[in-house]
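Visitor: Could you take me through one part of this structure slowly? I would like to know how its charged side chains pair up.

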Amino acid sequence: MPRRRKGAKFEQISEFERGRIVGLREAGLSYRAVAARVQRNSSTIMRVSKQWTDEGWTARKSGSGPRNVTSARDDSRMVRKAQTDRTASSRQLAAQWSTATGVSLCASSIRRRLLQRGLRARIPLYRIPLTQNHRRLRLQWANVHRSWWADWQQVVFSDESRFNLWHHDGRIRVRRYAGERHIPECIIERHSGTPELWSGVS
């Protein structure tokens, strides 16, 4: 089955695929049959075949495809900017980049460059903001109930109620590398009850 289209672009065809297309066509297969074999659409097969027939070669023309307007140094700077504000969206980063450098980049270009360097937009880890006193009281409660055997399926914690005390109440993503889920920059604190209940004791 032909490869599905992603947005308005197709994946680039490798030199191996181009040679395979020419070979299958010379073996007598139809455009549709070759498309099914290499999982490309028929128009792509026709274009590669026509280039081979007209020009005698199948290499991708130089200069085709999007032009890279940033250097490796620019891309490293872009990564540092994304790490400085982990919750900034690709659109926000593109606007910041345009303001700082005068070079316009679309959000998809920003996203692609960050993905190439391992920075993905992921769901952040949420935690309740605990003070040292909260931690001390929770540890004290845990030590007291260390030998407490209970059917946890029957236990309900009253601090599970949701209260939106912060400025956000929607989908938030943070940019992080694999294994960075628990670093402070990738954690968003949220309240989940009253301070008296956070301690774990009544």
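Guide: Let's start with a term: a residue is buried when its relative accessible area is under 20%, exposed when it is over 50%, and partly exposed in between, using a 1.4 Å probe and protein chains only. By that rule Arg 113 is buried, because its relative accessible area is 7%.

This is a predicted model, where local features need pLDDT of at least 70 and side-chain atom pairs count only at pLDDT 80 or more, while totals for chains, interfaces and linings use all residues. Residues are numbered from 1 along each chain as its sequence is written, and side-chain values use heavy atoms, leaving out hydrogens and water.

Now for the partner. Arg 113 forms a salt bridge with Asp 75, with 3.4 Å between the closest N and O atoms; the term means a side-chain nitrogen of Lys or Arg within 4 Å of a carboxyl oxygen of Asp or Glu. Asp 75 lies in helix α4 and Arg 113 in helix α6, so the pair ties together parts that are 38 residues apart in sequence. Helices here are DSSP runs (H or I, at least four residues), as strands are (E, at least two), numbered from the N terminus. Asp 75 is buried too, with a relative accessible area of 6%.

Another salt bridge joins Arg 86 and Glu 180, at 3.0 Å from N to O. This pair links distant parts of the chain, 94 residues apart: Arg 86 is in the loop between α4 and α5, and Glu 180 in the loop between β3 and β4 (187–189). Both Arg 86 and Glu 180 are buried. Returning to Asp 75, salt bridges with shared partners join this residue, Arg 113 and Arg 117 into one network.
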